[in-house]
Amino acid sequence: MIFSSIICVSARHTGSFICRIRFMRRDNIRNIAIIAHVDHGKTTLVDAMLKQTHSVKDEGADLIMDSMDLERERGITIKAKNASLMYNGTKINIVDTPGHADFGGEVERTLKMADGVLLLVDAKEGPMPQTKFVLKKALELGHKAIVVINKIDKPDANADEALNKTFDLFVKLNANHLQLDFPIIYASGAKGLTDLDLENLKLKITNSAPADVSPLFDAIIKYIPAPEVEPDETFAMQILALTYDNYKGRLGIGKIKFGKIKKGSSTLLVKPNGEKITNKVSSLQMYEGLKQVDAEEAVAGDIVAVGGFEDIHIGDVLTDPLNPKTLPPVEIEPPTIKMTFGVNTSPFAGREGKFVTSRNLRDRLIKELETNVALKVEGLEQGSDSFLVSGRGELHLAVLVETMRREGFELQVSQPEVIYHYAHPSPPHKEGAGGGPSAYPPSSPNGTSADDQLSIESNKLVKTEPYEIVIIDVPGDHQGVVIEELGRRGGQLQHMDTTPSGELHAEYMIPTRGLIGLKNLLLTRTRGTVILNNLFDSYKPVHDIDLRGNEHGSLISSESGMSNAYGLNNAQERGILFIPPAVEVYEGMVVGKNSLDSDIEINVCKTKKLTNMRSSGADDAIILTPHREMGLDLALEYIGKYELVEVTPKSVRIRKKILSSTDRKRQTRQEKNS
């Protein structure tokens, strides 16, 4: 430890001096967060760092930090995770953060644990939308960044251009002169190689040099500031993550901001609403590799897990009960998309799931709110069988539904909808990065009641909706359909250029409404070649856009029973099938997409009957077109206003909200009359 500031004062009677340490820098520790856009190689680089310091047992494993099944299947990081390693006597605490914009809430809270960041940028793609978002959050906290140009061995990689674009991004985000003077490391995370010089690294890759990330470790120790602590201050830390231990119970994770904490000491828990709970610290743990190990004492700058408080939540503050301190609350960007989660009411309800009641659903959503800070849930009062769940995007909510499904829950979810706000009109100002301030700051969401409508009209409030930045990369052969579709959905072109390989690179500003169902549509029209990335930008006034492309007609089962080849053969002439033969269906279940924009009822259970002219089995061979497998993501993009997705542990089905054909026709007549 290096003492950085010592204050000495003269004693009143003796004339001697009394000295007190004001603050000190802990040179034996570094706290870093690894941030980047999705799929720019964060987790792979962390793998190399952990393996080369022998911080994990199985050094042959990959994607070590992606511990969730969903993370490995989707190839993305969903939850921020902690680890630590030792390098030349210095402990480096690592926070691996998600790269997808929908999980930005994880990034916002965990960045507070770090004193600096590693910003990874793909050498081919350069800075992408989420790069902009996470870097903005890091710069706002005053963090110094080390820029890592990763994947330099990629075909068509252009490290110099990626670096220039990264510097431009720092300037655009108003980085100070110290933050602009960032060190640069070139890396190939997959090969476990880093170097300060680009040509040296290319030579290492060509010669198949052994894995070595020591230049990165040296840069971390040299450029990331050590924690500056005040040992004489009273203890205070903010809870930024939660974990659970079967023996120790719920543990709150965070970085100690002031003072020190001992196992068994009396500590005060202060909640954001002012509630205070005093208890003893029953467990104190630090990170070694991926494991949490017991410790007797920890001081400011350490990242620790504290046990002893059953009612501990993210945002709570632990402090000294005799001289309590307060810390600023954790601020999270508001959600932009909402969906209704309800109890499964289909005829197949209860067949496949273990948790099927509204109480099960309610308890699970309450539990999710403890750790998923970017999620909002309405309707949690007792007796409700449906809940309005709001999140940062379709993927954010889809991952929650998929997680619940794997845990044994049955539920039905509605079409994703954007969240509108009503705001006082004000002159637009220069916007910051994605997630930056809106030109029309929202004052109240979704005011739709009679009283709210009267207030809106009397105050002349402007209805606003979320807009997102969309970056498109597509081969030149398909650029026409992409530009046409984005323009029709209200997209405003911000920037366009052509890459050396002939691909179109375009940046659009588009309403979130226009993004719903867009990715699946563009993948179909471009034969799977389009790459689309998006990031929330701000709220802007609503204007009309053409969403007729989202409208579709469905093939609806008119009977309950077992589908068969004969019935499906008749149905496939009408459109695209979603189910194969020998699948049990019910009336009102969607079994395919109609080629027209209107719904049509069809009997997929129909069998060929015996007549006096032919047998029930003899006929020409039936050839069925392979059906489209509708996973959860595709189903959520497909459904319309009057449809639901039924989710069970074994099945994902699309159904009409009103199953009965007669009742649907009655509702249509009532809507026309009204």
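**Exercise 1. Find which residues of the largest nonpolar core touch the most other members.**

Solution. Of the 45 residues in the largest nonpolar core, F341, L365 and V389 touch the most other members. What counts as such a core? It is a set of buried Ala, Val, Leu, Ile, Met, Phe, Trp, Tyr and Cys residues joined through side-chain atoms within 4.5 Å. "Buried" means under 20% relative accessible area, "exposed" means over 50%, and "partly exposed" is in between (1.4 Å probe, protein chains only).

A quick word on the model: it is predicted, so local features need pLDDT of at least 70 and side-chain atom pairs count only at pLDDT 80 or more, while totals for chains, interfaces and linings use all residues. Residues are numbered from 1 along each chain as its sequence is written, and side-chain values use heavy atoms, with hydrogens and water left out.

Helices here are DSSP runs of H or I with at least four residues, strands are runs of E with at least two, and both are numbered from the N terminus.

Now zoom in on V389. Leaving out residues up to four places away in sequence, its contacts (heavy atoms within 4.5 Å) include F341, L365, L397 and L400. Apart from this core lies another, of 43 residues, among them L111, A123, F133 and V134. As background, nonpolar side chains tend to be buried together in soluble globular proteins.

**Exercise 2. Work out the strand order of the seven-stranded open sheet, and why one side of β4 and of β9 is left without a neighbour.**

Solution. Read the order off as β4-β5-β3-β6-β7-β8-β9, with mixed pairing. Two strands pair if DSSP finds at least two bridges between them. β4 (81-87) and β9 (193-195) stand at the edges with a single partner strand each, so one side of each has no neighbour in the sheet. From one strand to the next, the twist averages 25°.

Take β4 and its partner β5 (residues 90-96): they run antiparallel and are joined by seven bridges. For example, N82 has V95 in β5 as its bridge partner.

**Exercise 3. Describe the aromatic pair formed by F578 and Y638.**

Solution. Start with the rule: rings of Phe, Tyr and Trp (its six-membered ring) pair if their centres lie within 6.5 Å; planes under 30 degrees apart count as stacked, over 60 as edge-to-face and the rest as tilted. The count comes to seven aromatic pairs. F578 and Y638 are edge-to-face, at 5.2 Å centre to centre and 90° between the planes.

Now place them: F578 is in the loop between β35 (575-577) and β36 (584-585), while Y638 is in helix α16 (residues 632-638), 60 residues apart. F578 is buried at 7% relative accessible area, and Y638 is buried at 9%.

**Exercise 4. Is K151 buried or exposed? And what about D156?**

Solution. K151 lies in the loop between β7 (144-150) and α5 (159-172), and D156 is found in the loop between β7 and α5 too. K151 is buried, at 19% relative accessibility. D156 is exposed, at 56%.

Finally, check the backbone. Most residues other than glycine have a negative phi. Phi is positive for K151, near 60°, and positive for D156, near 65°.

How values were computed. Axes fitted to C-alpha atoms, helices over the stretch in contact; angles between N-to-C directions.
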